[in-house]
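Hi everyone, and thanks for coming. I'd like to walk you through a structure that may be new to you, so please have a look at it before I start.

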Amino acid sequence: MSERNVTVIPATLNPIHRMNPVVKKRRVAGYARVSTDKDEQFTSYEAQVDYYTKYIMSHPDWEFVKVYTDEGISGLDTRKRDGFNEMIADALSGAMDLIVTKSVSRFARNTVDSLVTIRKLKEKGVEVYFEKENIYSLDGKGELLLTIMSSLAQEESRSISENVTWGQRKRFSDGKITLPYKQFLGYDHGPKKDDPPVVNKEQAAIVRRIYRDFMAGKTVGAISRELTADGIPSPSGKSKWSASTVNSILQNEKYRGSALLQKCFTTDFLTKKRKINEGEVPQYYIEHSHEAIIDPDEWEAVQEEIKRRKAIGRAYSSKSILSAKLKCGDCGGWYAVKTWHSTDKYRSVVWRCNQKYSDGKCRCQTPAVREADIQKRFVNAFNSLIESKEPYLAACETAKKVFMDTTALDAEINEMNREMEIVAELTRKCIAENSSNAQDQEDYSSRYNGYVERYDNAKSKYDTLVAERQDRIKKAKAIDRFMQTVASRDGLLTEFDPQLWIATVEYVTIMKSGDMRFRFFDGTEVVA
């Protein structure tokens, strides 16, 4: 093998000849940011702007460009920092040579964002000077130091985030609640920081109207349109209401004077991404945490009505309080409004089974009924209940106690819960043994699948028992609300009462004979 030769090719240009005799001033911009929007921070913010303006202009070899600013913005994510993003865009377009800022943590507390941005600027020859750490990004040691300092800043943000989360959960466990008052209709701040919210009487009237209209049969869409037409601003101050906003108000437990805390949580302190809490972190439910706007019984009734309408689906109509309350005794379908002789003088409106002529043939033998007849028979059916009010209410109280007694169900639920825990532990041991010791895989698979089947059976029974318990509690609450309605009535009905119809009748079955079987919310059925 021939001996390796190295030939040196000398430089042909004298470095002195490449020097530009004209000294060009560096175009310099400043960046100032405060991380909260509290009033006490504004002084710091103004001071930063003034400081960097004077600081840049005090250097004779620097040319002042601008001080870019962000107020009340977190440094964790650069995407929402308008001043920062404008500065970077200007720098990349060649508007400056140097950016001066207070520290790495003021620039960004996210290591990735910080380094990516600095490298982009470096490619364009733009330098960043961090005054506190005395780091120039184009210095040979700059990137290593920046990586270390950005990581420290990111860990500081993590620590702050964890402390804030701990503090928030401590407040929850102490029963202290906070509301987004600027967008929460019906409540204002209490006199002191930790005082419970106080009712805003003017806004509370709007909340009560929403609940009243819903229970009068109106849909959330109809309610939102009426609120918009009446010129009532939404909770966020918009002129137009959405159905989702009305729906949220109807289902928010805070209007009944209770509070379910930590419905959502932050999954990543860097991205600030939030998700609905599905059991990943604890929740806190506080009864009587503040003054109610809606009576708890009325609130519960609204929740049941929401569930009822969902179950009915498209069969529900807000045009009449009789909608989705009349059942066909033949097919179980719902009655709907039909117009007879719509174009002549014999025009009349009746209720008839929707399925009666669905296939071109007369399927159901149940008759069409008129609204006035339904109302008259309701009066008779309800009066038959309250003719002997005291004995009837006593019987309702007994029925309520039977449904409320879930002792046997609770024991079975606990037993199934223990069974699932045992099987889960056996499964973990089975997997661990297979991982650490050589085993016959067919035998392992058989044991593993047996545990899985056993767990699934226990879980299925557990879910059934829990659903049964919830159904019993639901019936007990329905009976209680029904009893309160009946107890509040003095004397027999003399005419149809729409509110009483809504509060007491679960549904009415129309029979072939023309009889109507009224089923009330306490489970009582009366034929009229």
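Predicted model: local features only at pLDDT ≥ 70, side-chain atom pairs only at ≥ 80, totals over all residues.

Cys328 is buried, with a relative accessible area of 3%; buried means under 20% relative accessible area, exposed means over 50%, and partly exposed is in between, with a 1.4 Å probe and protein chains only. Residues are numbered from 1 along each chain as its sequence is written, and side-chain values use heavy atoms, with hydrogens and water left out.

Back to Cys328. How far is its sulfur from the closest cysteine sulfur? The closest one belongs to Cys353, at 3.8 Å, which is too far for a bond. For the term itself, a disulfide here is a pair of cysteine sulfur atoms within 2.5 Å. Cys364 is in no disulfide either, as the nearest cysteine sulfur, in Cys331, is 3.6 Å away. Cys364 also counts as buried, at 2% relative accessibility. Searching the whole structure gives zero disulfides.

Now let's step back to the whole chain. It has 528 residues, and 38% of them are buried. There are 15 helices and 17 strands; these are DSSP runs, numbered from the N terminus, with helices being H or I of at least four residues and strands being E of at least two. The accessible surface is about 31,300 Å², and carbon and sulfur atoms own 51% of it; areas come from the Shrake-Rupley method with a 1.4 Å probe, and for residues only the protein chains shown count as cover. If we take contacts, meaning heavy atoms within 4.5 Å, between residues at least 6 apart in sequence, then 60% of them join residues at least 24 apart.

On a 1 Å grid over the protein atoms alone, a cavity is a set of points where a 1.4 Å probe fits but cannot get out, and lining residues have an atom within 4 Å of a point. Points are joined across faces, edges and corners, and the volume is the space filled by probe spheres set on them. How many cavities of 30 Å³ or more does this rule count? The count is one. The largest cavity has a volume of about 80 Å³. Eleven residues line it, and the closest to its centre are Gly217, Glu305, Arg308, Ile321 and Lys325. Helix 10, residues 296-312, gives the most to this lining, with three residues. By class, the lining has four nonpolar, three polar and four charged residues; Ala, Val, Leu, Ile, Met, Phe, Trp, Tyr, Cys and Pro count as nonpolar, Asp, Glu, Lys and Arg as charged, and the others, Gly among them, as polar.

Not counting residues up to four places away in sequence, Ala216 touches Ile321, Gln499 and Ile502. Ala216 is partly exposed, at 29% relative accessibility.

Follow the chain into helix 8, residues 220-229, where Gly221, Ala222, Ile223, Ser224 and Leu227 are buried. Their cover includes helix 7 (201-215) and helix 9 (243-251). In helix 9 we find Ser244, which counts as exposed at 53% relative accessibility. Ser244 sits 8.9 Å from Ser224, C-alpha to C-alpha, and 20 residues away in sequence. Just after helix 8, Gly231 takes a positive phi of about 75°.

One last stop, in helix 10, is Glu300. Is Glu300 buried or exposed? It counts as buried, at 15% relative accessibility. Leaving aside neighbours within four places in sequence, Glu300 is in contact with Arg256, Lys477 and Arg481. Glu253 is 47 residues from Glu300 in sequence and 9.4 Å away in space, C-alpha to C-alpha.

That's my tour, and I'm happy to go back to any part of it.

Terms used: 1 Å grid on protein atoms, 1.4 Å probe; cavity = no way out; pocket = protein on both sides within 12 Å on 5 of 7 lines; lining within 4 Å.
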